[in-house]
Amino acid sequence: ASGAVYTKVTSAPADWSGTYLIVWDSGAHATISSKDLAKTADVTISNDQIQSNVDVDNAAVTIAKNGDYYSLMLPDGKYLSMNANSNQVNSVNSAYNLTLVYTDAGVKIMGKDTAGNDRILAKNGNYYRGYKESSASSYILPTLYKKSGN
């Protein structure tokens with residue numbers, strides 16, 4: 001068994017680069033699938049940590065520095081994008097510029113849509129979307145868990 005664990009992000013790191021789980025609802029990990037998000041792994045959280053296993057690792061995303069921004073690579077090798085001028089999130093073939101902001105309510109994963117609006121990855125009911133920041137207060141932000149160890 002591997003000794004790797006994913007640990008809850010509880011403050012803004014100097015550099016967000018790394019391997020993460022995007023966690024919603026204390027355990028249902030979601031990732032982008034086409035224009036929506038789909039649950040891909042059930043996780044057990046204990047002491048703000050999630051143990052690594054094959055199913056969990058297959059659901060992880062990779063965040064990498066991209067100039068002044070970050071890109072978020074999905075498990076299928078595509079990238080999270082919020083460039084549609086709508087609430088949809090997309091997966092695209094090339095790195096898409098995102099900004100990550102830690103808040104007490106969760107991590108804002110933000111990108112600009114085609115009209116230049118800031119969109120934030122958030123959950124509303126059963127839907128995961130890129131909501132405009134001005135309207136995101138009633139939506140649930142994700143919690144990020146960063147992988148460490150091997």
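I'll go through the nonpolar cores and then the salt bridges. Bear in mind that this is a predicted model.

So, the cores. The largest nonpolar core has 21 residues, and the members that touch the most others are Trp16, Leu72, Leu80, Ile109 and Leu144. Four strands each put in at least two residues: S2 (18-24), S7 (61-66), S8 (69-73) and S12 (106-112). Of these, S2 gives the most, with three.

Let's zoom in on Ile109. Leaving out residues up to four places away in sequence, Ile109 touches, among others, Leu72, Leu80, Met82, Leu98, Leu121 and Leu144. Arg119 is on that contact list too, and we'll come back to that arginine. There's also a second, separate core of eight residues, including Val43, Ile50, Val56 and Tyr145.

Now, charges. How many salt bridges does a search of the whole structure find? Three.

Take Asp57 and Lys147, with their closest N and O atoms 3.6 Å apart. Asp57 is in helix H1 (residues 54-58) and Lys147 is in strand S15 (residues 143-148), so this pair ties together parts that are 90 residues apart in sequence. Asp57 is partly exposed at 27% relative accessibility, and Lys147 is partly exposed at 27% as well.

Next, Lys112 pairs with Asp118 at 2.8 Å. Lys112 is partly exposed at 45%, and Asp118 is partly exposed at 27%.

And back to our arginine: Arg119 meets Asp113 in a salt bridge, 2.8 Å from N to O. Buried or exposed, then, for Arg119? Buried, at 3%, and Asp113 is buried too, at 5%.

Notes. Residues are numbered from 1 along each chain as its sequence is written. This is a predicted model: local features need pLDDT of at least 70, side-chain atom pairs count only at pLDDT 80 or more; totals for chains, interfaces and linings use all residues. Side-chain values use heavy atoms; hydrogens and water are left out. A nonpolar core is a set of buried Ala, Val, Leu, Ile, Met, Phe, Trp, Tyr and Cys residues joined through side-chain atoms within 4.5 Å. Buried means under 20% relative accessible area, exposed over 50%, partly exposed in between (1.4 Å probe, protein chains only). Contact means heavy atoms within 4.5 Å. A salt bridge is a side-chain nitrogen of Lys or Arg within 4 Å of a carboxyl oxygen of Asp or Glu.
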